[in-house]
Structures are given as C-alpha cells and as structure tokens.
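Subject: Structure for your review

Dear colleague,

I am handing over the structure below, and after it I set out what was found. Please read the text with the structure open beside it.

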Amino acid sequence: MLSVTFPEIVRALEELSCSLAPSEGHGYLCGVLCTRAHYPLECWLEEMIPEHEERVQADRQALDLLFTDTRQTLHSGSMSFDLLLPDDDAPLHTRVAALSQWCQGFLYGFGTGQPVGLEAVSADVSELLRDLTQIGRAILELEEGNEEEESAYAEIVEYVRVGVQLIYDEIDVVRETPAMARNEARNDDDIREHGERDAGLDPSQIH
C-alpha cells in the first residue's frame, strides 16, 4: 500500500512543472525496478524532471515516499504493492485512461531499464507483458456509474497489480546477475555523460 496519495503526487509534479502523467511516471518506475537490481531515486527524478536545479530545490517528499514505498513493496513479495491511480471517486473514464497510461509507462520502463530478452523470461511473464500492452492501448467507451463497468475496471486493476508483482518476482534471478550489474553501471554513466537511455526490450516485441 502506498503512503502517499494520487492528489499529492499530482501537486508535486505540477510544482515541478512536470508534464508526465502521474500514473505513467509510476508505471515507468515499476518497469525499471523489475529489470534493475539497483536503481537510485535520482535516476527516476531525472526521467520525471529533466531540469537538475528544479529537482534539487523542490519539495520532493511526496515523490521520495512514492519511490520508497514502491521499491519496498515490490521487493517484499507480500502482494502489498499497489498502482498509483486516481481515487475511486474520480470519473471512470479518467481512471481507465490513467490505468492505460500506467501500463504504457511500465512497458517503457521495462524496455529501457535493462536488456531483458524474451528468451530470459517465462511464458507467463511474456503473456503478462502482452496483456499489459493491450491494456495500455485500450480506449474504452464506458458508462459512468455502470456497476458492471466498475467491477470490470476493478478486476483489471487487480490483474495488473498482481501481474506486475509476479513479473518482478519471476525475473529476480535475471535482475541480479553480474552481467546485468555491469550493464547498470554502464547505463548510469551514459545517463550522466550523455543524458541518453540504453534501449532494452522493445514493447513492439511483446505483441
């Protein structure tokens, strides 16, 4: 469970003039954490807030809490991990759009965090990645207040939540290999020196 709310993250990003959607930013973080054993807060902030001075001077408490909660809950394997999405009182179409953005962010983070080829993951993980791709592309016509639609949305959120935890757990061995650790050091140098991100798994490969 997250100790920071969606509105708090929205306010924090607005204060930092960040145009990235909150759910997409959180999805990106989760995707990177699935493939990188060591991913510091500052690297995530570089992705979210490109201007270094703004990152240093701003009140980042909400973002720090989100980063810490996410990393700890994923690593614990206790299924307490949660997605950063609008509250249930938000319009359904807003929540569906945010879920789609979350999945898009996750796939991008998974693809750029570290090279993890499809041959390195199980069939279950490959299927989950394909499903996340479809959810990320979803544009649904929903009837506000429709109980069946609300139930369907809740089921999809739970599927994504549990699925991402399973992805994190299943590729733990790959994430911790020495070869990947060396790649991480090289990627961190690239970020500092060139501001570029190494490409990993292309989301188009998991259709």
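Of the 207 residues of the protein, 45% count as buried, where buried means under 20% relative accessible area, exposed over 50% and partly exposed in between, with a 1.4 Å probe and protein chains only. Please keep in mind that this is a predicted model, in which local features need pLDDT of at least 70 and side-chain atom pairs count only at pLDDT 80 or more, while totals for chains, interfaces and linings use all residues. Residues are numbered from 1 along each chain as its sequence is written, and side-chain values use heavy atoms, with hydrogens and water left out.

The protein has 10 helices and 0 strands, these being DSSP runs numbered from the N terminus, with H or I over at least four residues for helices and E over at least two for strands. Among contacts in the protein with a separation of 6 or more, 77% are accounted for by residues 24 or more positions apart, a contact being heavy atoms within 4.5 Å.

The largest nonpolar core has 52 residues, and W44, W102, F106 and I167 are those with the most contacts inside it; such a core is a set of buried Ala, Val, Leu, Ile, Met, Phe, Trp, Tyr and Cys residues joined through side-chain atoms within 4.5 Å. Two or more residues each are given to this core by α1 (6–15), α2 (22–35), α3 (41–48), α5 (61–76), α6 (92–113), α7 and α8, and the largest share, 9 residues, comes from α6. Leaving aside neighbours within four places in sequence, W44 is in contact with G25, Y28, L29, Y39, L63, L66 and F67.

Two helix pairs deserve a description. The axes of α7 (residues 123–137) and α8 (residues 147–170) come within 10 Å and cross at roughly 140°, where axes are lines fitted to C-alpha atoms, for helices over the stretch in contact, and angles run from 0 to 180 degrees between N-to-C directions. The two helices α7 and α8 are therefore oblique to each other, given that angles under 35 degrees count as roughly parallel, over 145 as roughly antiparallel, 65 to 115 as roughly perpendicular and the rest as oblique. Their contact involves, among others, L128, L132 and I135 of α7 and I156, V160 and I167 of α8, and its residues divide into 11 nonpolar, 1 polar and 3 charged (Ala, Val, Leu, Ile, Met, Phe, Trp, Tyr, Cys and Pro count as nonpolar, Asp, Glu, Lys and Arg as charged, and the others, Gly among them, as polar).

α5 and α8, in turn, pack at an angle of about 70° with their axes 9 Å apart, which makes α5 roughly perpendicular to α8. This contact is made by T73, L74 and H75 of α5 and V164, Q165, Y168 and D169 of α8.

Finally, a point on the backbone: most residues other than glycine have a negative phi. S17, in the loop between α1 and α2, has a positive phi of about 55° although it is not a glycine, and S17 is exposed, with a relative accessible area of 62%. M79, in the loop between α5 and α6, likewise is not a glycine and has a positive phi, of about 65°, and M79 is partly exposed at a relative accessible area of 32%.

With best regards
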